[in-house]
Amino acid sequence: MNLRFLIIPISLFILSCGDSHEDKQKTIPSQIEHEVYIKVLGIAQDGGMPHINNPSEFKDVATNVRTKELVVSLGLIDREQQKKYLFDATPDMPQQLHMLDEAISTNTIIDGVFLTHAHMGHYTGLMHFGREAMGSKTIPVYAMPKMKKFLETNGPWSQLVDLNNIMIHPIQGDRVITLSRKLKITPFLVPHRDEFSETVGYRIEGPEKTALFIPDINKWSVWETSIVEEVKKVDYAFIDATFFSEGEIPRPMSEVPHPFIDETTALFSEENKAIKSKVIFIHFNHSNPALYPKNSKRVALEEEGYRFAHQGAIFGL
Ligand SMILES: [Zn+2]
Ligand SMILES: [Zn+2]
């Protein structure tokens, strides 16, 4: 099994060498009517599903009992401007950029990558822009101050900066980034295990609708902002659903604090179905029973209005 882990990444690097997008024609999938929309590119927690050291999950995926789930990422497509953006650079980024390319194929592989924080599922995909793989030129990477410094001062990421594979665009909490007249992005700080960088969520404001993306956060109670009030202000809220409930993993869960799904739903218990349906759970740990579409607890929550992100889902803005 260890050998397989080695062979797959190496072959990915080799296959990607010399990749060129120069001859691409602009294509627009006819079935999508939204001018600006989000496409879900992955829903799993940083470790993905199947997860390392879980032979039964690998077997279940191989025998089609379960679906492989890519690490959490959102694609943002602006058809009017012919641009596409990525929220977080996951270890699955090559496949996710391909999914975005299927949505809108232009002369650039990506027009901007917005990073939330320096945990493995959220930025390590940047490695594919480097010399060993794509060898890209000045891919815009939007990063908060500590995240920027982390990338600039630690290998191998610093090489991406030195070789201009990526071009870091500094961003700040609560400061709006205007991508076009109809598309604005605002990062905001959230409490999380900030070993290497701060952590942000993003507010994504389209021509008609607004989305919230908070893939990682500590318990809601340690955030000075009310998640219920924030959800009410937007149309879609993609929020941290790492674990369903206490006792889900065989180690102290206080080491990895996240709002449990059952804690989040308790906060929304007095709200109506329309508010609950704005909540779209994402960032599922491989242990989370909500990864099974037919799980009874998940189905019960869906009946109340809550939604569970799935790869390929489209949300018009
Ligand atoms: Zn994460
Ligand atoms: Zn994290």
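**Salt bridges and a zinc site**

Q: Is Lys233 buried or exposed?
A: Lys233 is exposed, with a relative accessible area of 51%. Here buried means under 20% relative accessible area, exposed over 50%, and partly exposed in between (1.4 Å probe, protein chains only).

Q: What am I looking at, by the way?
A: This is a predicted model: local features need pLDDT of at least 70, side-chain atom pairs count only at pLDDT 80 or more, and totals for chains, interfaces and linings use all residues. Residues are numbered from 1 along each chain as its sequence is written, chains are lettered from A and ligands numbered from 1 in the order in which they are written, and side-chain values use heavy atoms, leaving out hydrogens and water.

Q: OK, which residue forms a salt bridge with Lys233?
A: Glu230, with the closest N and O atoms 2.7 Å apart. A salt bridge puts a side-chain nitrogen of Lys or Arg within 4 Å of a carboxyl oxygen of Asp or Glu.

Q: And where do Glu230 and Lys233 sit?
A: They're three residues apart in helix H7, so about one helical turn separates them. Helices (H or I, at least four residues) and strands (E, at least two) are DSSP runs, numbered from the N terminus.

Q: How many salt bridges does the structure hold?
A: Twelve.

Q: New topic: what are the protein donors of the zinc ion (ligand 2)?
A: His117 (NE2), His119 (ND1) and His192 (NE2), lying 2.1 to 2.2 Å from it. Donors are N, O and S atoms within 2.8 Å of the metal (3.2 Å for Na, K and Ca); water is not among the atoms, so sites may look incomplete.

Q: Are His119 and His192 buried or exposed?
A: Both are buried.
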